[in-house]
Amino acid sequence: MGRSEKELKGLVVAQLPEFVREISELPECNGVCKKMYGELIRRVKLLSPMFEELSDGEEELGLDVLKGLELLKTALDSAMELLRSVNRGSKLYQALQLEKIVLEFQHKTQDIAAALSKLPIDELGILDEVREQEEKDPDLEMLKKLSEKLHIRTVNDLKKESQAIHELAISSDGDPGDVFRKVSSILKKLKDFVQTENPEVETSQDKKSIIVEHKSPVIPDDFRCPISLEMMRDPVIVSTGQTYERSCIQKWLDSGHITCPKSQQVLVRTALTPNYVLKSLIALWCDNNGVELPSKQGSCVNKKPGNSISDCDRAAIDALLVKLVNGSPEQKRSATGELRLLAKRNSDNRICIAEAGAIPFLVELLSSNDTRTKEHAVTAMLNLSINDGNKRTIVDLRAIPAIVEVLKNGSMEARENAAATLFSLSVIDENKVAIGAAGAIPALISLLCEGTPRGKKDAAAAIFNLSIYQGNKARAVRAGIVNPLMGFLKDAGGGMVDEALAILAILATHHEGKMAIRQTKPTAILLEFIRTGSPRNQENAAAVLWSLCSTDFEQLKVAREHGAEVALKEVSENGTERAKRKAGSILELFQLFDEPSANL
């Protein structure tokens, strides 16, 4: 018999503060991962006030909130496992595997952010800082060293560096790679540092204004209202979770707008919730930096987010759009490549490109006969789809069938980016249905089998996300996904074990998936991962075995014959919380199986 919602709330809410406490008490890390380690712990600590408030509250929580909290608990559990492994692990190994470990920290942070996105942030009073867990600021000492070593000490130096980076990007055929995004991010932070540390070093033309502008401390972006760009004195939260100065957002609403100015999402409620935590942080920052709190909020002129918030070059985007519409094939290819790069660079560009009306023309170019143009178009769609508002625009323009066609028949690069685009679009639940109905899953399975290592992972991510919808589980099973997944488990050196077990765990919750997995006789290999796999693989292998055994005592008998009880007892004592639960559930089945009255 399942637990009641009240019992579930009590269990989940009681466990969450415990996770925060355990993570907060982890010892300091002194290796190469020290900063990432400390940053992840700091972000988790920010959740503590929310959990305390939930523990003290007596109000009923909806099922969706409970599900979101359960996801958050799983994400925190996974984060704790990573932190412990880094703290206990070899420092030399971590230094050699730094790039891989950085990605792991990013994934854990994104998992927490994804879980938080499922919660009604405005009701729970979470800071934007908790939700937007992506960028990590270089510390001042590192920025100082960079400024000195690279001779980037003035605003003029910054302008030259920015121009050099732009020219490098354009000369790289529209896609210089992930390193460009990192370089741009560091340059932005270096700009803030230089302007703060060296306000007096500037050309005679700008010297006076620069000194006036940058003598005072730089106000953190989180403290500025996205509409007025001024420091907030009365911050309030809207239904999308964004925070604004009360007078500014009220003026926006009074003008008849029904969307969030920054995210462009429709506001399901117009109620404004005071952000007392952020207000206290602003007051504390002002006190520590000798800055007066604003006595009155300045002019709040309602503007479109693409123009009021961003630094995007709208004129350049409009010029590219002209080439996209009326240019020669070569000009269209070049313009699509530049839009692809601009959309990858930052969120402001993604908003500006959409506002300029480029998305319908990019959708048309998905059917281009030119291979490179098609690659640029689908990758531009991928980058634009990072913005939730753009996701809806892309789907409304009926782009999904065209993206699926690229997935089926494009070049390998185009197919990989088409898979990544479908994964991005599938974040919105209703899109999962549309993508599955458009025939994407068989094409994703083909890429899973024959793609490059990156392409296989893109396909696996999309399949996993789509399979959250029950109908897509059946489509995947009928398209023959189980055998390739089992093949990945047998070839542990192929680098797809994590993805294969995760997908099998979700397919095993569907009747057809369970039957197909059972036919491959997976017990021995599942038990091998339960015995020797990583914590995440132990969890998923145990979850698959539980699904198989819970409705079939014959399968339970087979598991016993393979020595499952010893392996499961070990996991039930020393595994992760999720693995302990799954292992314990199977052990309970063994006890039931042993009772004289047990029968089917």
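A residue counts as exposed when its relative accessible area is over 50%, and as buried when that area is under 20%. These cut-offs are applied below to a predicted model.

## Overall composition

The protein chain contains 35 helices and three strands. Of its 600 residues, 46% count as buried. Among contacts between residues at least 6 apart in sequence, 70% join residues at least 24 apart. The structure holds zero disulfides.

## Accessibility of selected residues

| Residue | Relative accessible area | Class |
|---|---|---|
| Arg 398 | 70% | exposed |
| Lys 521 | 73% | exposed |
| His 510 | 13% | buried |
| Cys 260 | 0% | buried |
| Cys 549 | 0% | buried |

Arg 398 counts as exposed because its relative accessibility of 70% lies over the 50% cut-off. Cys 260 counts as buried because its relative accessibility is 0%, and Cys 549 is likewise buried at 0%.

## Loop residues with positive phi

Most residues other than glycine have a negative phi. Arg 398, although not a glycine, has a positive phi of about 60°. Its position is in the loop between α21 (388-396) and α22 (400-409). Lys 521, also not a glycine, has a positive phi of about 50°. Lys 521 is placed in the loop between α30 and α31 (523-532), and with a relative accessible area of 73% it is exposed.

## The contact of α27 with α30

The axes of helix α27 (residues 470-478) and α30 come within 8 Å and cross at roughly 30°. Because angles under 35 degrees count as roughly parallel, the two helices α27 and α30 are described as roughly parallel to each other. The crossing of α27 past α30 is left-handed. On the α27 side, Ala 474, Val 477 and Arg 478 take part, and they meet Glu 512, Gly 513 and Ala 516 of α30. By class, this contact of α27 with α30 comprises three nonpolar, one polar and two charged residues.

His 510 is found in the loop between α29 (497-507) and α30 (511-519). Leaving aside residues up to four places away in sequence, His 510 touches Gln 470, Lys 473 and Ala 474. Ala 474 is also one of the α27 residues that meet α30. The relative accessible area of His 510 is 13%, so this residue is buried.

## The contact of α23 with α25

Helix α23 (residues 412-425) and helix α25 (residues 440-450) pack at an angle of about 125°, and their axes are 11 Å apart. The pair α23 and α25 is therefore oblique. As with α27 and α30, the crossing of α23 past α25 is left-handed. From α23, the contact is made by Met 412, Arg 415, Glu 416, Ala 419 and Leu 422; from α25, it is made by Ala 440, Leu 444, Ser 446, Leu 447 and Glu 450. The residues of this contact of α23 with α25 divide into six nonpolar, one polar and three charged.

Definitions and conventions
Residues numbered from 1 in each chain as written. Predicted model: local features only at pLDDT ≥ 70, side-chain atom pairs only at ≥ 80, totals over all residues. Heavy atoms only, no water. Helix = DSSP H or I, 4+ residues; strand = E, 2+ residues; numbered from the N terminus. Buried < 20%, exposed > 50% of the residue type's maximum accessible area, 1.4 Å probe, protein only. Contact = heavy atoms within 4.5 Å. Axes fitted to C-alpha atoms, helices over the stretch in contact; angles between N-to-C directions. Parallel < 35°, antiparallel > 145°, perpendicular 65-115°, else oblique. Left-handed = near helix turned anticlockwise from the far one by under 90°. Nonpolar A, V, L, I, M, F, W, Y, C, P; charged D, E, K, R; others polar. Disulfide = S-S within 2.5 Å.
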